[in-house]
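Keep the model in view as you read.

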Amino acid sequence: MNKPHQNAPEPTRERAPLEGVTVLDLGQAYQGPYAGLLLAKAGANVIRIEPLHGDSTRQRAKVRLGALFPYAMLNANKRSITLNLKSPEGCALLVEMVSKADVLIENFAPGVMDRLGVGWDRLRQVNPRLVYGSGTGFGLTGPDRDRLAMDSIVQAYSGVMSVTGFPGGDPLKAGIAVADFMGGVHLYGGIVTALYERHHTGEGRLVEVAMQEAVYPAMASSLGLIQEDPTGVVQTRTGNHHSGLSVSPWSVYKAIDGHIAIVCVKEAHWQQLTIVMGQSELQEDSRFLTNADRCENMDAIDAIIEQWTERHTREHIVNLANRHRFPAAPVRTLAEVQNDRGMHERGMLERMKHPELGETVLPSSPIRIHGTGRPEAIPSPKLGQHLEEVYCGWLGIAKEELDLLVRKGVI
């Protein structure tokens with residue numbers, strides 16, 4: 001019997017992987033809401049619970065409209081309600097919702113939910129099947145538990161800043177919110193792991209992710225530099241070179257129209273690069289015979305490569321690299337990436353008319369579950385857009401009671 005073609009489309013099941021899972025998303029800023037977004041894109045019913053004034057990322061739109069983009073990105077495919085957790089009635093409503101939910105996400109400072117009377121110890125009594133996902137900067141326990149933890153603070157304290165930048169220069173924060181989003185990804189993974197366990201045991205679980213611990217493994221190459229010098233005096237900022245200074249060439253080079261990254265992990269990559277440059281004799285140069293030799297002579301090798309790249313366009317170099325099979329890529333602007341044909345074709349990037357931002361491009365989830373369709377792109381909700389739908393339709397509160405709670409400032 002003939003085997004199906006490896007590229008043949010898989011049959012599509014209408015049911016999304018997390019369909020039927022209800023999530024209460026109390027996340028703030030990036031970490032918690034990103035975990036909630038990944039759950040929503042996997043089919044979960046995610047109810048975004050915000051304070052009466054809205055999440056802090058909404059407030060940034062008062063500075064400029066584009067600052068609303070992170071909120072729009074992180075809260076697509078969710079329903080929005082408001083809730084005043086500083087009121088006893090608000091906490092009582094949360095407890096009632098927890099009794100019907102599967103997952104709760106929060107990334108408040110450690111102890112906040114406990115002080116409000118709606119922490120893990122209380123909520124697991126209400127719903128033993130609850131998966132409680134807690135995101136923090138430095139953990140629910142330990143001596144750094146109560147440190148304030150914005151992304152840049154975690155980058156500083158975790159060592160990320162110390163390895164970012166050029167040798168001899170000042171430490172830099174990463175250009176992306178690496179701690180927030182790595183924390184969110186790990187929190188999503190922990191929640192799904194606990195849901196899998198619950199399928200077998202029927203019991204929920206407290207899952208916690210500290211951003212510092214989430215980013216630490218990503219410094220693997222940099223950590224290798226201090227293996228032989230535990231004092232940490234060794235220079236760990238390597239600019240565009242390999243973080244462990246153990247692969248060469250590995251850098252970013254000038255081109256006629258910008259910059260281009262070139263990496264040669266294998267000997268074949270290096271050999272092909274020398275051929276493309278018209279300098280195959282470099283393969284016999286004693287300074288560059290092996291990767292170890294090239295690492296000893298990084299400055300010399302980078303100068304030779306840049307003398308070649310600066311005479312060509314990024315596109316020309318990439319075409320040669322693709323043809324000769326060595327890794328290279330243009331350093332693209334955000335505008336170029338936002339119009340990336342491949343990500344649009346694959347559905348990772350989607351153009352939409354957002355009710356507040358207007359025409360924009362929003363990402364979907366990078367997690368692909370084959371055999372299911374791509375989730376529909378639903379714009380992020382306006383603050384409290386689904387009050388009646390959630391409180392009356394899902395929780396069962398009478399419309400008159402809902403109106404009273406609104407007047408009292410509970411929701």
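The paragraphs below go from the pocket and the cavity to a helix pair, and then to some backbone and residue details.

This is a predicted model, in which local features need pLDDT of at least 70 and side-chain atom pairs count only at pLDDT 80 or more, while totals for chains, interfaces and linings use all residues. Residues are numbered from 1 along each chain as its sequence is written, and side-chain values use heavy atoms, with hydrogens and water left out.

Let us begin with empty space. Rolling a probe the size of a water molecule over the atoms shows where such space is left. On a 1 Å grid over the protein atoms alone, a pocket is an open set of points with protein on both sides within 12 Å along at least five of seven lines, a cavity is a set where a 1.4 Å probe fits but cannot get out, and lining residues have an atom within 4 Å of a point. Grid points are joined across faces, edges and corners, and a volume is the space filled by probe spheres set on the points.

The largest pocket holds about 1,500 Å³ of space. It is lined by 48 residues, and those closest to its centre are Tyr30, Ile176, Ala177, Asp180 and Phe181. Elements giving two or more residues to this lining are H1, H3, strand S5 (131–136), H7, H8, helix H15 (334–338) and S11. Helices here are DSSP runs of H or I with at least four residues, strands are runs of E with at least two, and both are numbered from the N terminus. H8 gives the most to the pocket lining, with five residues. By class, the lining has 30 nonpolar, eleven polar and seven charged residues; Ala, Val, Leu, Ile, Met, Phe, Trp, Tyr, Cys and Pro count as nonpolar, Asp, Glu, Lys and Arg as charged, and the others, Gly among them, as polar.

What about enclosed space? There is one cavity of 30 Å³ or more, and the largest cavity holds about 40 Å³. Its lining is made by Lys41, Ala72, Met73, Ala76, Glu350, Met352, Leu362, Pro363 and Ala377. Seven of the lining residues are nonpolar, none is polar and two are charged.

Now turn to a helix pair. Helix H7 (residues 151–158) packs against helix H8 (residues 178–201) at an angle of about 90°, with the axes 7 Å apart. Axes are lines fitted to C-alpha atoms, for helices over the stretch in contact, and angles run from 0 to 180 degrees between N-to-C directions. H7 and H8 are therefore roughly perpendicular to each other, a label for angles of 65 to 115 degrees. Asp151, Val154 and Gln155 of H7 meet Val178, Ala179 and Asp180 of H8, where contact means heavy atoms within 4.5 Å. These residues divide into three nonpolar, one polar and two charged.

The backbone has some points worth a look. A cis peptide bond, with omega about 0°, joins Ser248 and Pro249, and Pro249 sits in the loop between helix H10 (220–225) and strand S7 (250–255). Leu245 is found in the loop between H10 and S7, and its phi is positive, near 50°, in a residue other than glycine. Leu245 counts as partly exposed because its relative accessibility is 35%; buried means under 20% relative accessible area, exposed over 50% and partly exposed in between, with a 1.4 Å probe and protein chains only. Ala29, in the loop between strand S1 (22–25) and H1, is not a glycine but has a positive phi of about 55°. At 18% relative accessibility, Ala29 counts as buried.

Which residues does Ala44 touch, not counting residues up to four places away in sequence? They are Leu18, Val21, Val23 and Leu39. Ala44 lies in the loop between helix H1 (31–41) and strand S2 (45–50), and it is buried at 6% relative accessibility.

Our last stop is His386, in the loop between S11 and H17. His386 is buried, with a relative accessible area of 12%. Leaving out residues up to four places away in sequence, His386 touches Lys78, Arg79, Ser80, Ile81, Pro381 and Tyr391. Glu389 is in helix H17 (residues 387–394) and counts as partly exposed at 41%. The C-alpha atoms of Glu389 and Ile81 are 9.2 Å apart, although 308 residues separate the two in sequence.

Notes. Parallel < 35°, antiparallel > 145°, perpendicular 65-115°, else oblique.
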